[in-house]
Amino acid sequence: MRPYVTTCETTYAPCRIGEVRELFEGAAYLVPPGGGAEWTVAPAALRSPTDAEAWQARVWAHPVGSL
């Protein structure tokens, strides 16, 4: 499993947690924890998640009773 990252593109939109799948031609391609629709951001918009964000990503990726 790749480490999760957080992206905050604007001050008005909430931050999103994702897993970087690919870096290609100046864009980072991410998917949310547990799967879902892919989105792209500029690599400069990525940062390491806080402890709370990393915990939330683990919960989304492996909900209780899913193992």
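I looked up Val59 to begin with and found it partly exposed, with a relative accessible area of 32%; buried means under 20% relative accessible area, exposed over 50%, and partly exposed in between, with a 1.4 Å probe and protein chains only. I was reading a predicted model, in which local features need pLDDT of at least 70 and side-chain atom pairs count only at pLDDT 80 or more, while totals for chains, interfaces and linings use all residues. Residues are numbered from 1 along each chain as its sequence is written, and side-chain values use heavy atoms, with hydrogens and water left out.

I placed Val59 in helix α1, residues 51–61; helices (H or I, at least four residues) and strands (E, at least two) are DSSP runs numbered from the N terminus.

I then turned to strand β1, residues 4–7, and noted that both of its faces are covered, with Tyr4 and Thr6 buried on one side and Val5 and Thr7 buried on the other. In a regular strand the side chains alternate between the two faces of the sheet.

For the partners of β1, I used the rule that two strands pair if DSSP finds at least two bridges between them. I found β1 antiparallel to strand β2, residues 16–24, with four bridges joining them, and Val5 standing opposite Gly18 in β2. I also found two bridges between β1 and strand β5, residues 46–47, again in the antiparallel sense, where Thr7 stands opposite Leu46.

Last, I checked Arg16 and found it over the face of Trp39, at 3.7 Å from the ring centre; a charge counts as over a ring if NZ of Lys or CZ of Arg is within 6 Å of the ring centre and within 35 degrees of the ring normal.
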